[in-house]
Amino acid sequence: MANWRQKPESDKELWSLMAPVAGIVKWVKSRRGLVVGVGILKGGTGKSTSVLYLALYFARVLNLRVAVVDTDDNSQSISRWVATHTALGNNVPFELIVHPTKGADAIPLKKRLKSLKGQYDVVVVDLGGGDKETFIDLCAEARLLLMPSAPSGWETDRIQATLQTAARAAVLNPEGLDVYNFFVKCDFNSTLPEEEREAMAIDLSEEDEDFVPPPFLHPYFDISKAPHHIRSWNVMPRRSELEEWGLLVRHAMKGIIEEDAA
Ligand SMILES: Nc1ncnc2c1ncn2[C@@H]1O[C@H](COP(=O)(O)OP(=O)(O)O)[C@@H](O)[C@H]1O
Ligand SMILES: [Mg+2]
């Protein structure tokens, strides 16, 4: 599998990196809702697309009850995606929750998530552009924060700032927050992911003294730029196209399940 940054050499090593599907389902069912945030304080990095594939994976492959929270007042991509597919007669296997961050109907995201946790197995939150308040609430409530970006300085530029904010907010999180930053839109025929990972490592080592790093999962796994990701706006992804997302979820959940058992 090209997506592994350090390709597992044996099945045994692969298993040591990934949680089994049944283990994830059991873990999720044994608690009040898994909140997965998808956020980076920058637009256009692949958040909404990632939210969609993650939600489809949890709902269609793991058969879990899934809610997607759209906090993006500006673009509302996920809401518009749901409207598009509903009009096409496609079955949307998750519940859409629109979360306005401004205006008369606005409530804090923290409050919204607390009530949704009791009603769904998995709540996937699409964090819009750069609303810091909402992002802080998300980091205080989520168990896992995914930070997708393309392997380019143009997109990773805000990762350090996002991590600093996440780390400060994670202190308020009673369950603990794991942060997983990964590349999307990867062409595995180029060295861009490696180059960018090196550039980021330098960037992240120059943090200021107040920087409290959040618990970091090893970024072993990246997501391809397969064309179905781009077509998914109006073509429902197939089950086989959710596979690489499944591996990412299983990799991210492995550490979380073990941490909780310890
Ligand atoms: N894995 C991917 N492969 C190819 N293109 C992608 C992928 N993820 C996102 N994109 C493209 O990147 C652009 C921005 O994606 P989007 O999910 O809307 O980002 P954000 O929600 O962060 O603004 C879109 O054109 C989308 O089709
Ligand atoms: Mg978006």
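Visitor: Which residue does arginine 65 form a salt bridge with?
Guide: Heads-up: this is a predicted model, where local features need pLDDT of at least 70, side-chain atom pairs count only at pLDDT 80 or more, and totals for chains, interfaces and linings use all residues. Residues are numbered from 1 along each chain, chains are lettered from A and ligands numbered from 1 in written order, and side-chain values use heavy atoms, without hydrogens or water. A salt bridge here puts a Lys or Arg side-chain nitrogen within 4 Å of an Asp or Glu carboxyl oxygen. For arginine 65, the closest N and O atoms are 2.9 Å apart, and the partner is aspartate 121.

Visitor: How many residues apart are the two?
Guide: Going by DSSP runs (helices H or I, at least four residues; strands E, at least two), arginine 65 sits in the loop between α3 and β2 (66-70). Aspartate 121 is in the loop between α5 (109-117) and β4 (122-126). The pair links distant parts of the chain, with a separation of 56 residues.

Visitor: How many salt bridges does the whole structure have?
Guide: The arginine 65–aspartate 121 pair is a salt bridge. Searching the whole structure gives a total of 14.

Visitor: Which element gives the most to the shell around ligand 1?
Guide: The shell (a heavy atom within 4 Å) holds 13 residues, Lys47, Ser48 and Thr49 being among the closest. Two or more residues come from each of α3 (47-61) and α10 (227-231). With three residues, the top contributor is α3.
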